[in-house]
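Welcome! Keep the 3D view open as you read.

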Amino acid sequence: MLKPELEKTLPQAVEQVQRLHSVNDVANLLEVPSGQLLHILYKQPLEKHCKTFLIPKKRGGYRTIKAPKGSRKILLEKLKPIFSELYRTKACVHGFVPERSIVTNAKKHKKKRYVLNIDLVDFFPTIHFGRIRGLFMASPFNMGNKAASVMAHICTIEGQLFQGSPVSPVLSNFIAADLDNKLTNLAKRYKVTYTRYADDITFSSSQNNFPRSIATFEGDNPVTNDVTLGNTLIETIESSGFKINYNKVRLQIKSVRQEVTGLTVNEFPNVKRTYIRNIRAMLNAWEKHGLIGAENFLIDKYAKSPPNIDPGDRDGTFFKNVIYGKIAFIKMVRGEKDDIYMKLCLKAASLDPDPPSFIQGIKKMHEKFDVFISHASEDKETAVRPIYNSLKSIGVSAFLDEVDMEWGDSLTEKINNALGQAKFVLAVLSDNSVGKKWPQKEINAALARELSGKQKILPLIVGKPDLSPLSLLEDKIYLEWEENPDEIAKKIKGMLGKIYSS
């Protein structure tokens, strides 16, 4: 039975892969008997190697995916970290590399006068057995003929690169390295920006005229007329072993919506408004029709490739996977502090009693509190905890850091959110707190909100502190701590009642 992981360390595996000459060398690298390796590659039927399925394309039609399975998948999983370690990421490459994405790719082309999009035809299928074998015989692999042939057989299926393989993304970047070098040099020559995300190629420029050697408009209207690619660009791409999908060539000017890998880039990388409206519509359907009703509606009316789920077995899982995937995409593009992203998360949290952890985090961050207790830690035992417990016992929601914050939470962000949403700020003023940085910052923030009518400060004196550092509180009516938490809690609840009834 194949072991799922290599026993050797990654540095040892990387060193070993660069001196492979025979079938036995490849088998030793993968820690499998050579006879078993040959049986897997040349004796097992095709159905043992991969599963085939269709996924819908963005612009219609379907893409055939052949994902490895069984022993072949285990072998490829073992190779993935080795190949990834050997690949040296180029500045222009944003697909299938760490810390880069469609967002980083789009950012390179924001606020440009011209944006040219080019799509390559059958990107993975054009990377055939011969190209992969040649790759393994060249630097940085430098394998011998037999080893390169066996390794190429592991990484391809029916003579083509697996489209759903763990190693196909990094191998495609290796194969496209020649293309990247040539197009980078072309971009430098004509002073334009070039990036590639898998089979999506983008050039952009803020020059008065886009370089004709790369592309030009036919006619005077760049919105409606066709785009002609320059011979120099066409020859560069084709000489690297790829072909252009001319149906997906677009040269976009600044006055229309410019898109790069599905994101608009006129001002900053962003999703289409229709994408956000679609999420809101799904959430509204969930609220109106319930989870199962919303799922049935989504599948029956809108799913381009309906999942193979019997109507009687639909439990809402498919619907939730779709909507949470869409919300997570908003987070990736717009950031986790984006207002739209947060509102979508809060809406989902109001509908789902057990949402994903990223939704739960946003929900917890935006929990509304009636009272924020500003204090020094030294006063917790004597005054703060008793007041908190009394408030909680009579149904008043109060924020207390040791209760409402968890390991890994952002101290500043969590406190600022709780402080900004509370109706009252109970300022526990003592010798311990008046000279401390955090309590002073909290009180000053509350004072600013009080001036705009959004909040009220309730000063509570513990002991006989020097209040001169807090001169802005001089005209406030104070309560003194007399070990009377129940009485203080009742006063606060009464004040809250007046606010909620008004």
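Which residues are buried in α13? They are Y341, M342, L344, C345, A348 and A349. Keep in mind throughout that this is a predicted model.

**Helix α13**

- Helix α13 spans residues 339-351, which makes 13 residues. From its first C-alpha to its last it reaches 19 Å, close to the 18 Å expected at 1.5 Å a residue.
- Now back to the buried residues of α13: Y341, M342, L344, C345, A348 and A349. They sit on the same side of α13 because they cover an arc of only 160° around the axis.
- Turn to the other side of α13 and you will find D339, K343 and S350, which are exposed.
- Look also at the start of α13, where a side-chain oxygen of D338 comes to within 3.1 Å of the backbone nitrogen of I340.

**The antiparallel sheet**

- In this open sheet, 4 strands are arranged in the order β6-β7-β3-β10, and their pairing is antiparallel. The edge strands are β6 and β10 (244-253), each of which pairs on one side only. From one strand to the next, the twist averages 15°.
- Helix α9 (residues 177-189) packs on the sheet and touches β3, β6 and β7. The direction of α9 makes about 160° with that of β6.
- Strand β6 (residues 193-197) pairs with β7 in the antiparallel sense over 5 bridges.
- Strand β7 (residues 200-205) is mostly covered, with 5 of its 6 residues buried.

- How many residues of β3 are buried? The count is 7 of its 7 residues.
- Both faces of β3 are covered. Y114, L116, I118 and L120 are buried on one side, and V115, N117 and D119 are buried on the other.
- Strand β3 (residues 114-120) and β7 pair over 6 bridges in the antiparallel sense. Y114 has S205 as its bridge partner in β7, while V115 stands opposite S204.
- β3 is also joined to β10 by 6 bridges, and these two strands run antiparallel. In β10, Q252 is the bridge partner of V115, and I244 is the bridge partner of L120.

- A second sheet to look at is an open one of 5 strands, in the order β14-β13-β15-β16-β17, with parallel pairing. Its edge strands are β14 (398-399) and β17 (479-480), and each pairs on one side only.
- Strand β16 (residues 456-461) pairs with β17 in the parallel sense over 2 bridges. The bridge partner of I461 in β17 is E480.
- Helix α18 (residues 437-451) lies across β13 (371-374), β15 (424-429) and β16. The angle between α18 and β16 is about 140°.

**Helix α15**

- In helix α15 (residues 380-393), the buried residues are K380, A383, V384, I387, Y388, S390 and L391.
- After α15 comes G395, which has a positive phi, near 85°.

- S101 is found in the loop between α4 (70-86) and α5 (102-107). Is S101 buried or exposed? It is buried, with a relative accessible area of 15%.
- Leaving aside neighbours within four places in sequence, S101 is in contact with H94, Y197 and M332.
- K69 lies in the loop between β2 (62-68) and α4. K69 is partly exposed, with a relative accessible area of 32%.
- Not counting residues up to four places away in sequence, K69 touches E47, K48, H49, C50 and K51.
- K69 and E482 are 413 residues apart along the chain, and their C-alpha atoms are separated by 71 Å.

Methods:
Residues numbered from 1 in each chain as written. Predicted model: local features only at pLDDT ≥ 70, side-chain atom pairs only at ≥ 80, totals over all residues. Heavy atoms only, no water. Expected span 1.5 Å × (residues − 1). Buried < 20%, exposed > 50% of the residue type's maximum accessible area, 1.4 Å probe, protein only. Arc of directions from axis to C-beta. Polar contact = N/O pair within 3.5 Å; in protein donor to acceptor, adjacent residues only side chain to side chain. Contact = heavy atoms within 4.5 Å. Pairing = 2+ DSSP bridges. Axes fitted to C-alpha atoms, helices over the stretch in contact; angles between N-to-C directions.
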